[in-house]
Amino acid sequence: MKKRYLFIIIIVILGVILHFLSVSITPMLKKIATKEIDRFCQMVINNTPFPVELDHQELIKVNRSGNEISTINFDTNYASSIGAKIVNNLDELFVSLEEGAYKKTDDTFYQRKLEEISNNGGVIASVPLGMMTDNPFLAEVGPKIKIRYKTISAITCTVNKEIKSYGVNHVMVSLSLTIKIKMMVLLPFYNEEFNKAYDYPLVIEIIEGEVPNWYQN
C-alpha cells in the first residue's frame with residue numbers, strides 16, 4: 001500500500017514539474033523554434049534553382065511607339081507555370097527530408113545540412129535547455145530539445161507584378177513569386193502551425209523611355 005502511495009506521489013510531482021517547465025519555457029521555446037524554422041525555410045528558398053531556363057523577353061514584353069513606351073505586358077501564365085514547378089520541387093524536398101530519404105548531390109554546406117536534417121528525420125535544430133532561461137551563462141547547459149517540422153499542406157504560390165517610375169525617363173518593372181509555406185513545428189511541450197511567405201524574384205528590369213519635352217526644355 002505504501003509503495004502505491006509513493007508511486008502516486010512521484011507521478012504527481014513529475015506532473016507538477018512538467019507543467020512548470022511547460023509554462024515557464026514554452027514562450028522562449030516558441031520564439032527560438034519560429035526563428036529556426038524561418039531560417040531553415042529561407043535557406044531552402046534561397047538555394048532552390050529555377051526549374052527551367054528563364055526567357056525574360058517572354059515574361060515581360062515592352063511595346064513602343066517610337067522611343068516612347070506604349071504598353072508593358074506580363075505573361076503571368078508563363079510565370080505561374082514556373083511557380084508550379086518550384087512548388088512541386090519544394091514539396092518533394094520537404095517530404096524527402098521529413099522521411100529521411102534525401103541524399104546530398106554535392107559536398108557544399110547546403111547539401112550537407114540537408115542530408116543531416118534528413119538523417120535526423122526532419123530535425124532542423126537542437127537547442128540546449130539552458131537557452132530557455134535567457135541566461136548567457138546557462139545557454140549550453142542541459143539536455144537538448146529537438147525542433148522538428150512536419151508538412152501538413154501543399155505549398156502555394158502567387159504571381160506579383162509591379163511597374164514604377166525610375167528616374168526621368170525610365171521605368172522599373174518586376175515580376176516575382178510569393179511562395180507561402182505552411183508546416184507544423186513539433187516540440188516536446190507544444191506543437192504549433194508555422195505560416196510564412198517568401199518572395200522569389202523572377203525578373204527585374206529597368207526600361208528606358210523617351211525623355212519628356214519639359215525636361216529637355
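These are my notebook entries on a predicted model of one protein chain.

**Ground rules.** Because the model is predicted, I take local features only at pLDDT of at least 70 and side-chain atom pairs only at pLDDT 80 or more, while totals for chains, interfaces and linings use all residues. I number residues from 1 along each chain as its sequence is written, and side-chain values use heavy atoms, with hydrogens and water left out.

**Layout.** I looked up the secondary structure and got 5 helices and 7 strands, taken as DSSP runs numbered from the N terminus (helices H or I, at least four residues; strands E, at least two). From the N terminus on, the order reads α-α-β-β-α-α-β-β-β-β-β-α. Of the 217 residues, 33% count as buried (under 20% relative accessible area; exposed is over 50%, partly exposed in between; 1.4 Å probe, protein chains only). Next I checked contacts (heavy atoms within 4.5 Å). Of those with a separation of 6 or more, 62% join residues 24 or more positions apart.

**Core.** I then went for the largest nonpolar core, and it has 50 residues. Such a core is a set of buried Ala, Val, Leu, Ile, Met, Phe, Trp, Tyr and Cys residues joined through side-chain atoms within 4.5 Å. Phe40, Leu59, Phe94, Leu114, Ile147 and Ile181 have the most contacts inside it. Among the elements that each supply at least two residues are helix H1 (2-46), helix H3 (76-99), strand S6 (170-186) and strand S7 (191-208). I followed up Ile181: beyond four places in sequence, its contacts include Cys41, Ile45, Phe94, Ile155 and Phe194.

**Ser176.** This one sits in strand S6. Ser176 counts as buried because its relative accessibility is 17%. Leaving out residues up to four places away, Ser176 touches Thr158, Val159, Asn160, Tyr200, Pro201 and Leu202.

**Cavity.** My search of the whole structure gave 1 cavity of 30 Å³ or more; on a 1 Å grid over the protein atoms alone, that is a set of points where a 1.4 Å probe fits but cannot get out, and lining residues have an atom within 4 Å of a point. The largest cavity holds about 30 Å³, the volume being the space filled by probe spheres set on the points. Asp91, Phe94, Thr151, Ser153, Ile155 and Lys182 line the largest cavity.

**Cysteines.** How many disulfides are there? I count 0 disulfides, with the rule being a pair of cysteine sulfur atoms within 2.5 Å. Cys41 is buried, because its relative accessibility is 0%, whereas Cys157 is partly exposed at 27%.

Notes
On a 1 Å grid over the protein atoms alone, a cavity is a set of points where a 1.4 Å probe fits but cannot get out, and a pocket is an open set with protein on both sides within 12 Å along at least five of seven lines; lining residues have an atom within 4 Å of a point.
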